[in-house]
Amino acid sequence: MSESQKTIEIEVLRYHPEKDKEPHKQVFEVPFTDDMSVLQGVQYIKDYLDGSLSFRWSCRMAICGSCGMMINGEPSLSCQTFLRDFYPARVRVEALSHFPIERDLVVNIEGFIEKLESIQPYIIPKEPRTLAQGEYLQTPEQLNAYEQFSSCINCLLCYAACPQFGLNPSFIGPAATALLHRYNVDSRDGGKAERMELVNSEEGVFNCTAVGYCSEVCPKQVDPANAVNQNKTNSAADYFLRFLTPKGGAK
Amino acid sequence: MNKRRPYVRSMDGWWKKNPFFVEYMIHEGTALFVAAYAGILLFGLLRLAQGEAAWNAWLSAMKNPWYIGFQVLALIALTYHTYTWFKIMPRTMPPVVVGGQRLSAWAITGSGLAVAAAACLGLLALVWGMAR
Amino acid sequence: MKPTLKRSNAPIFWALFGAGGMLSALLGPMLVFITGLAVPLGWLLPPDTMSYPRMLAFAQNFIGKGFIFAIIALFLWHAAHRIFHSLHDIGIHAGTAAKLLCYGSAMVGTLLAAYALLVIGF
């Protein structure tokens, strides 16, 4: 580090489960260039200042969804958030809100994985087709119905943005509902009735109070708030009309 | 022995920590004014059911400066409610497709506010027409 | 996931919340202006706009009755739902007690409004 090298302070919320009773702040002075992402700053800390710092990352280009952190209190992908936007002020980095901290910037995402499984995130064919019958055809309109909701990278920024998930971790939450919706509105899918049981349940969409911050922080413009709120309408229709329709909705 | 000890952070005061959440609490707080205003109307309705003297007492009570002050605040709160109600609408309603294109968020909020303005002016015109 | 999913009864309250929210968003500001400011202060509207004979006739009219009932009841249900969630938001997870207090008040208000409108007659 030469004398003329600019530096920036990065404040990291540290937590070591074997040593610490609770998380604490630690400030690092990191050399700064204006092309550095926050992830690169954190990587510098691990490589040169404190090898014990733990965090997740992989692709460095907002595709993999693993490097989500609270940066100055906002859920962000650290690979696409740049230190220059904060310089010369100090940057605060913390593990994603509303999730238990496993260690340092690593959160426990087991709850989310269970939810992801519970929504059956795959096409449940309406009618089985043999290979000989050929592929499923879809019109551009049918693709449009779900395409945006299929862009989710499971980065969990929306959960870190959702106070209702923070207050009630059993809430199915934004991303899982967006994916649920993505399959429910797919013209090839026939699993809606099963998934609606989850939408309609105590863990379902009515935990949402339309804060809308989930959609603000989404790096992929999925608009999970829209998926959740569209399903309030779907669920209410199912609730009131279940006695009228011969087959009924979910039980 | 399992060395994992996931740390759960407290949610205390979460809504003070982000300007987005502060705004959320303010627009949710407009409900207090909606409730109080509905309560005043309900009281007026009960007085109306009790006859002319009771109704006139309620009418003149409405001229009390404290009531007027409340109504000014309620007007601000309900107008803010109108604004935020339609602002969040693009996120809460199903997509509207017009001519093969999804209606933009701005168009949804804008038409909602336009309809509200028309409804308010319509109501005023109606009351004015009936009272004249 | 969990083998038993309990269906939420929230749609009832959410539907009332939504109806009241929409009604208050559309008409709320002007209603407050007319009943709370213009009439008491004698602005803009004739002085007898809310006189006893006029209001009685309005409340006896079928449409007027419906309007008054919808405004009072739906405003109350809208507010009750928001306040119930806000209590949860600020850390008062009173559950059934909060639910009874919020939705119970709205229910009492609704019944009182219906009672008054019946007493006023047709």
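Reader: What makes two stretches of chain A count as domain 1 and domain 2?
Author: The bounds come from an automatic or database domain assignment. For chain A that assignment gives domain 1 as 7-107 and domain 2 as 110-241. The model is a predicted one: local features need pLDDT of at least 70, side-chain atom pairs count only at pLDDT 80 or more, and totals for chains, interfaces and linings use all residues. Residues are numbered from 1 along each chain as its sequence is written, while chains are lettered from A and ligands numbered from 1 in the order in which they are written.

Reader: How far apart are the C-alpha centres of these two domains of chain A?
Author: They lie 30 Å apart.

Reader: What is the make-up of chain A as a whole?
Author: Chain A has 9 helices and 7 strands. Its C-alpha trace spans about 75 × 40 × 30 Å along the principal axes. Of the contacts in chain A between residues at least 6 apart in sequence, 66% join residues at least 24 apart.

Reader: How many of the residues of chain A are called buried?
Author: Of its 251 residues, 44% count as buried. A residue is buried if 20 or more other C-beta atoms lie within 10 Å of its own, exposed if 12 or fewer, and partly exposed in between, with C-beta atoms placed from the backbone.

Reader: Why is chain B called more spread out than a compact globule?
Author: The radius of gyration is taken over C-alpha atoms, and the globule rule is 2.2 Å times the number of residues to the power 0.38. For 132 residues the rule gives 14 Å, but chain B has 22 Å, well over that value, so chain B is more spread out than a compact globule. Its C-alpha trace spans about 80 × 50 × 25 Å along the principal axes.

Reader: What order do the elements of chain B follow?
Author: From the N terminus on, they run α-α-α-α-β-β-α. That comes to 5 helices and 2 strands. Buried residues make up 29% of the 132 in chain B.

Reader: How do you know that the length of α3(B) is close to the expected one?
Author: The expected span of a helix is 1.5 Å times one less than its number of residues. α3(B) has 23 residues and reaches 33 Å from its first C-alpha to its last, close to the 33 Å expected. Its buried residues include L75(B), L78(B) and W85(B). The buried residues of α3(B) pack against α1, α4 (89-92) and α5 of chain B, together with α1 (10-41) of chain C.

Reader: Where does UniProt place "transmembrane region" in chain B?
Author: The unreviewed entry places it at residues 21-46, 66-86 and 106-131 of chain B. UniProt positions are given in the numbering used here, feature names are shortened, and annotations may be inferred rather than shown by experiment. In the model, residues 21-46 of chain B are 100% helix and 0% strand, with end C-alpha atoms 38 Å apart. Residues 106-131 of chain B are also 100% helix and 0% strand, with ends 37 Å apart.

Reader: How many residues do chains A and C bring to theirs?
Author: Chain A gives 18 and chain C gives 12. α9(A) supplies the largest share of the chain A side, 5 residues. That side divides into 7 nonpolar, 6 polar and 5 charged.

Notes
Contact = placed C-beta atoms within 7 Å. Helix = DSSP H or I, 4+ residues; strand = E, 2+ residues; numbered from the N terminus. Nonpolar A, V, L, I, M, F, W, Y, C, P; charged D, E, K, R; others polar.
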